[in-house]
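Here is a briefing for a reader who is new to this structure. Look over the sequence and the model, then read on.

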Amino acid sequence: MSKSTATHATQRNRPLSPHLQVYRLIPTMLMSIMHRITGGALYFGMLLIAWWLIAASTSEEWFANAQWILGSWVGILVLIGFSWALFFHLLGGLRHLLWDTGYAMEKHTATMLARATMAGSFILTALLWGVISFVAA
Amino acid sequence: MAQMQTPLRKVRGLGSAKDGTAHFWRVRVTSVALVPLSLFAIGLVVSLIDAGYAETRAVLAQPIVALLLGLFVVISLDHMRSGMEEIIQDYVHGELAKVVLLMLNLFFIIILGAASIFALLKIAFGG
């Protein structure tokens, strides 16, 4: 590639928009970042579902092994995190679908929704594990 | 002659793969389908908390359960593929690393899908 010095100079001096770290953290921004992080976590969480299905299809011993690991305190902690990430991403996704229709884009409504997503994810996780401890008892 | 072109002229026509709308639409369609399917999957897991090996397999072998769980897995994987693709394209700028990761993403999705569906079918057909 032949580039003139002028081109290089333009590239060096071109003003860039500032990146994330110069902005004050606000609820909608936090939700956006968390939506991506939970999505990434769920991506690898799918390994657990595949592993559990394979164990159930292989043998009683494999299944017992999987159940034991998932039922250990480490397993339960991972599953609580998994369920929270799923609820968070699910509620965040519903928020995005609502925005896609053009509603709730106004600043204060969007902030309110962001807080509701965060609160909702914790409430649903608590409810789920309440039900689980009730069923398992 | 190359240096006679403005930077804008050089990149014009190179920027878009022209399939952004299809990607966007596919993420939305799969996300809508995953709302009821995820709730079903959560409910199924909760209902199987106390079930042993035989009972779990009997439930998973029911046609409706096998079908819905299969749909949950396949549609989740499609949604995951789109999402991870977007993350890679956003953060990985080296051409080689980007291509390798995009390939690994597809391999991960297809291997996970093949293994899960095989397991589900094996249980459903009583293997």
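The contact between the chains takes 29 residues from chain B and 29 residues from chain A; two residues are in contact if their C-beta atoms, placed from the backbone, lie within 7 Å. This is a predicted model, in which local features need pLDDT of at least 70, side-chain atom pairs count only at pLDDT 80 or more, and totals for chains, interfaces and linings use all residues. Residues are numbered from 1 along each chain as its sequence is written, while chains are lettered from A and ligands numbered from 1 in the order in which they are written.

**The contact**
- On chain B, helix 2 (20-47), helix 3 (53-61), helix 4 (63-91) and helix 5 (95-124) each give two or more residues to the side that touches chain A.
- Helices (H or I, at least four residues) and strands (E, at least two) are DSSP runs, numbered from the N terminus.
- By class, this side of chain B has 18 nonpolar, 7 polar and 4 charged residues.
- Ala, Val, Leu, Ile, Met, Phe, Trp, Tyr, Cys and Pro count as nonpolar, Asp, Glu, Lys and Arg as charged, and the others, Gly among them, as polar.

**Confidence**
- The predictor gives the complex an ipTM of 0.85 and a pTM of 0.86.
- Chain B averages a pLDDT of 92, and 95% of its residues score at least 70; pLDDT is the predictor's confidence in each residue, from 0 to 100.

**Chain B overall**
- Chain B has 5 helices and 0 strands.
- Its radius of gyration is 21 Å, well over the 14 Å that the globule rule gives for 127 residues, so chain B is more spread out than a compact globule.
- That radius is taken over C-alpha atoms, and the globule rule is 2.2 Å times the number of residues to the power 0.38.
- The C-alpha atoms of chain B fill a box of roughly 75 × 25 × 20 Å along the principal axes.

**B:Leu44**
- B:Leu44 lies in helix 2 of chain B.
- B:Leu44 counts as partly exposed because it has 15 C-beta neighbours inside 10 Å.
- A residue is buried if 20 or more other C-beta atoms lie within 10 Å of its own, exposed if 12 or fewer, and partly exposed in between, with C-beta atoms placed from the backbone.
- Not counting residues up to four places away in sequence, B:Leu44 touches B:Val65 and B:Leu69.

**Helix 4 of chain A**
- Buried residues in helix 4 of chain A include A:Phe87, A:Phe88 and A:Arg95.
- Their cover includes helix 2 (27-58) and helix 5 (107-136) of chain A, together with helix 2 of chain B.
- Just after helix 4 of chain A, A:Gly102 takes a positive phi of about 100 degrees.
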